[in-house]
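Subject: Structure for your review

Dear colleague,

Please find the structure below, handed over for your own work. My notes on what was found in it follow directly after.

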Amino acid sequence: MERTLNDTPGVITDIQRFSLYDGPGIRTTVFLKGCPLRCQWCHNPECLAPQPQVRYQPRRCTGCGACAAVCPQGVHTVDGGTHALRRERCTACGACAAACPTQALSIAGRSVTAGEVLAEALRDRAYYEKTGGLTVSGGEPLAQPAFAHALLALAKASGLHTCVETSGYAPWASVERIRPVTDLFLLDWKAGDPARHLAYTGVAQQPILANLERLAATGAAIILRFPLVPGLNDTAADLDAIAALLERFPTVDHGELMAYHKMGAAKYAGLGLDYPLPGLDDMAEARKAEILAALQARTKRPFIWG
Amino acid sequence: MQNSSAIDFTIEKAFTRAFQENLSAPAALREARCLQALYPALLPPIEKDDRFAGRTLLMEYRGVGFSPDVTLYSLPHGMGYFYREDVFQRALAAVPPDSAEVAEIREMMAFWREHNTTAQVKTHFSPRIRKYLPSDSFAGDVGVGFPLYRMTGAYENYETLLTLGVPGLTALVAKKQAQGDPEGFYEGLRLTVALLRDCCLAYAGQADSLAEAASVPRQAELAQMAADLRAVASQPPHTFRQAVQLSWLYSCLAGVMDYGRMDVYLGDFLARDLAEGVLTKAEALDAVVGLWRLMVARRTVYHGRVVIGGVGRRNAENADRFALLAMEASRIVHDIEPQLTLRVYTGMNPLLMEKAMAVIGEGATYPMLYNDDLNVPAVANAFRVSPAAAEQYVPFGCGEYIIDHKGFGSPNGVINLLKALEVTLFNGREIVKNEPMGLALGEFAAYESFDAFYLAYKRQLTHYVEVLAEAEQMILARTAEQAPFLWMSLLYDGCLERGRGLLAGGIDYLGATLESYGNINSVDSLAAIRELVFEQKKIAPERLLAALRANFVGYEAERALLLAAPKYGNDDPRVDSLARDLHDFEARIIRDQADRVGLHSFLMVVINNSANTYLGRWTGASADGRAALSFMANANNPVGGMDQNGVTAMLNSLAHFPPEHHAGVVQNVKLSRDLFAKAPEKARALIDGFFKNGGTQAMMTVLGRHDLEEALAAPEEHQNLLVRVGGFSARFVSLEPDVQQEVLARTQY
């Protein structure tokens, strides 16, 4: 059993130590690759596709052609200083990234085992004390249900506090499976209105709501997180829905408001993707205060800005 | 302080006369007569807002004088009977060329060039020392090792001073003197105690005259000051203020720049005055703030240590009261001195750590934290003393441990590990001035394995450590013949009983330390050489040497590979174990010199100051990708920006260094103001975890506006920045440059 958990394979983009805002205390956050949602404001686009992919930063590129020389698939062509990629041919073998002298090329995503991830997380055990621990994030961690479960189960068995950051969009069986090894669910609520939910995220709201109901009924510790994007999901009606949701689920500890920021935007081009929300600015501090006040006028349930 | 047109050489002349008249007298008498030429003449005036009398002696501006350490412009300038050629030259230029004074000044110059302590010491250097340590100027010349000339880092026994006071010391010296004084040592001490009394009275008189013209509230302060000075001139101190006054003045007179376990020696005075209503809490704080401001004005550059907390205090409760007051004073004064040092231990009053974190979180940098749980057993081992003696360890200056008022640990030498690597790579040559240097141990291309090369590097290091130890012993022994250092000896345990000076067998633990720089650049260079030259063979040995010689011009691809090689500071076991091996090897070979050259201890220190920058200016490009003549990493911290796995990973790398064989390795931790503001409990968990993991010290800097501006200007040097937003995955290093700017602006660093 232990052996199987340790060997469970998964694909991640990064292990981020000394994470401060992904659950209580000091944490190590592992970002799992792959997500069924396509939220327009997604700030981790490298976590969308399930498989590793090549990432290219043109501003670091000197046009030296070392990548073209080593790529077995002919992905790279460097012509007169212009570097073009045929991504459809790429197998993410990593040869170009290894050859690139300026790190303009890198591979987003790597295959690991749950045991390897846990070993790194345990290196920081001294800093977790009673509150900190491991956070499984993504992407959507439940898109790799066996791997997510193995990570959490191993962490739990090692005495670490465990957190999951999830959209809640997964078969109930996957949620139920991690429930006993998860100390805290950080569950995202993307939009109140089902139609807009579908429009902004590409998936239906209903399965998420159903999972939330069932999960809350088990008595699981839950914090609901609300990514708030100016003009998209921060209307008065959205705030009504958010307040109502907290009223409806009294076991949810509190609501955490997540302000839109555009730091994820620059990641898109490197992956050959278009950013869905060009030109949108970070949420202003004044607006954040306004939203918090509006919510607290609607309900006494607690909210904080994360 | 003085301009060339008005150089008054009266003191130099009197001092020279006193020295020459006593040239063949016992060293103690000669020193005492010379001191009489300086005190109280060199006492600087009490200034407008001074709460206590005593400022830096006007010594360092003189052409000659007597001081344990004249440090100017951040560089050591002499010790004992020091001589400053530059001041004499200025004096010469200021007198008419045909005047009689010219001859007089020239005569003095010729005399002191020969008789200053440093020169006297150097005449005894062996040919081997002269060959391998040809230069004294670590800031101004190429070299692997450099001797230093300074008797610094003394910690006096202030408890003795405050318990006995002037009359008690006078009586004690007289009693010993009555039993015989063949070498004039006690007579010297007697004259020194008399000088202490004279200086108290001189300052009392000065306070009286200042009071005449002062405003009403200042008049009261000056009257109090004068009364306290007169009191301590004739009896042991009875109040907190008197205790502060006497201990502070003594430090100034003695030229001692580190102030000891102040919470222990002042704690009882403070508690008693507060209990008896002699002082209110506000007045006590005002007194400590006043003392701190005098320390600021003294600008010792690398000293000003005040130690609080820790195990081994006889009066922990009273001492803690002072410790809390001291931290509050540091919060208010917010300056680079005093270097407030908090020794933390299991079972410490939790209020102290709470206060410390609050003060640090405001950006005070102080207190610096020392982990007694690890340091006490480590000191016992490194210094070969009992655990009880080790409880009295105190870091001086930049961080060298010694045993409080029982041990002495300078002048120190300097070793540049990265320069040693350079001369090993280039087979006995250095590449900045292209001169022969060090041992020629073989052509780099001829090494068959990394291990073989690493072994050669260790041989090179061993050679320099041996020569530096020999120089150190020679400096201590010859300086001891020159002078007993009466001020320091008077309050050092053992000197009075044994009738011997500080360096001449008077104290229990006469040792020294060797300051090691360039350690981490060397580790990263070795790791890169191992991986790229020997394992992956991506860079041929000749090509590496050519790249280093060319400072990477035309070798940009090689430099990129070297920079991308694994680096220390990322909790990467392969590099960190190399760091551990090199560190412990060096610590042990240094420690092993003590018995060979006859010192109680000779220990490695890795400390913070500017030497990493100065030495870097004379060190060629290195295999970690560092450009020629640029600064080297400070202490045992990662090379700037190379720690990219977050603070915990960096701390794990730091904690890798075993503490048992050295006298202190400084560990710097930079944290964002945001962390303290938003999540102080996480900052605390970080430090607790670090100490639990093996961290021995934490110098915590809270990043301020200045750091942010620096990072905005050069993000490539700040790639260890943390981007921490809920659910957001980003490594600063992998972001596009414009986004790096945006992240900096947003996350407030």
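Pro40(B) is placed in the loop between α2 and β1 of chain B. The peptide bond that leads from Tyr39(B) to Pro40(B) is cis, with omega near -5 degrees. Please keep in mind throughout that this is a predicted model.

The loop between α2 (27-38) and β1 (64-67) of chain B also holds Asp50(B). With a relative accessibility of 5%, Asp50(B) falls under the 20% limit and therefore counts as buried. Its side chain reaches the backbone nitrogen of Glu47(B) at 2.9 Å. A polar contact of 2.8 Å also links the side chain of Asp50(B) with that of Arg55(B). If neighbours within four places in sequence are left aside, Asp50(B) is in contact with Arg55(B), Arg218(B), Met225(B) and Leu294(B).

A cis peptide bond is found in chain A as well, from Gly138(A) to Gly139(A), with omega near 15 degrees. Gly139(A) belongs to the loop between β8 (133-138) and α6 (145-157) of chain A.

Helix packing around α7(B)

Two packed helices are described by the angle between their axes and the distance between the axes. For α7 (residues 158-178) and α10 (residues 240-254) of chain B, the axes come within 10 Å and cross at roughly 125 degrees. The two helices are therefore oblique to each other, and α7(B) passes α10(B) in a right-handed crossing. On the α7(B) side, Tyr158(B), Leu161(B), Leu162(B) and Gly165(B) take part; they meet Ala243(B), Leu246(B), Ser247(B), Tyr250(B) and Ser251(B) of α10(B).

How does α7(B) lie against α8(B), roughly parallel or roughly antiparallel? The axes of α7(B) and α8 (residues 185-212) of chain B come within 9 Å and cross at roughly 150 degrees. That angle makes α7(B) roughly antiparallel to α8(B). The contact involves Leu161(B), Val166(B), Leu169(B), Thr170(B), Val173(B), Lys176(B) and Gln177(B) from α7(B), with Tyr186(B), Glu187(B), Leu189(B), Arg190(B), Val193(B), Leu196(B) and Arg197(B) from α8(B). Here α7(B) passes α8(B) in a left-handed crossing.

Helix α14(B) and what follows

Helix α14 of chain B (residues 350-361) contains 12 residues and spans 17 Å from its first C-alpha to its last, close to the 16 Å expected at 1.5 Å a residue. At its start, a side-chain oxygen of Asn349(B) comes to within 3.0 Å of the backbone nitrogen of Leu351(B). The buried residues in α14(B) are Leu352(B), Met353(B), Ala356(B), Met357(B), Val359(B), Ile360(B) and Gly361(B). Their cover includes the helices α13 (316-333), α28 (673-678) and α29 (680-692) of chain B, together with the strands β7 (339-344), β8 (368-371) and β17 (697-703) of that chain.

Just after α14(B), Gly363(B) adopts a positive phi of about 95 degrees. Thr365(B), in the loop between α14 and β8 of chain B, has phi near 70 degrees, a positive value in a residue other than glycine. Thr365(B) is partly exposed, at a relative accessible area of 29%.

Asn412(B) likewise is a residue other than glycine with a positive phi, near 75 degrees. Asn412(B) sits in the loop between β11 (407-408) and β12 (413-416) of chain B and is buried, with a relative accessible area of 0%.

Two further buried loop residues

Asn637(B) is located in the loop between α26 (611-616) and α27 (647-654) of chain B, and its 10% relative accessibility counts as buried. A polar atom of its side chain lies 2.7 Å from the backbone oxygen of Asn668(B). Not counting residues up to four places away in sequence, Asn637(B) touches Ile520(B), Tyr568(B), Met650(B), Leu654(B), Val666(B), Gln667(B) and Asn668(B).

Which residues of chain A are in contact with Ser729(B)? Leaving aside neighbours within four places in sequence, they are Thr13(A), Asp14(A), Gln16(A), Phe31(A), Asn44(A), Glu46(A) and Lys267(A). Ser729(B) is part of the loop between α30 (705-713) and α31 (737-747) of chain B, and at 4% relative accessibility Ser729(B) counts as buried.

With kind regards

Key
Residues are numbered from 1 along each chain as its sequence is written. Chains are lettered from A and ligands numbered from 1 in the order in which they are written. This is a predicted model: local features need pLDDT of at least 70, side-chain atom pairs count only at pLDDT 80 or more; totals for chains, interfaces and linings use all residues. Side-chain values use heavy atoms; hydrogens and water are left out. Helices (H or I, at least four residues) and strands (E, at least two) are DSSP runs, numbered from the N terminus. The expected span of a helix is 1.5 Å times one less than its number of residues. Buried means under 20% relative accessible area, exposed over 50%, partly exposed in between (1.4 Å probe, protein chains only). Contact means heavy atoms within 4.5 Å. A polar contact is a pair of N or O atoms within 3.5 Å; within protein, one must be able to donate a hydrogen and the other to accept it, and residues adjacent in sequence count only if both atoms are side-chain atoms. Axes are lines fitted to C-alpha atoms, for helices over the stretch in contact, and angles run from 0 to 180 degrees between N-to-C directions. Angles under 35 degrees count as roughly parallel, over 145 as roughly antiparallel, 65 to 115 as roughly perpendicular and the rest as oblique. A crossing is left-handed if the near helix is turned anticlockwise from the far one by less than a right angle, and right-handed if clockwise.
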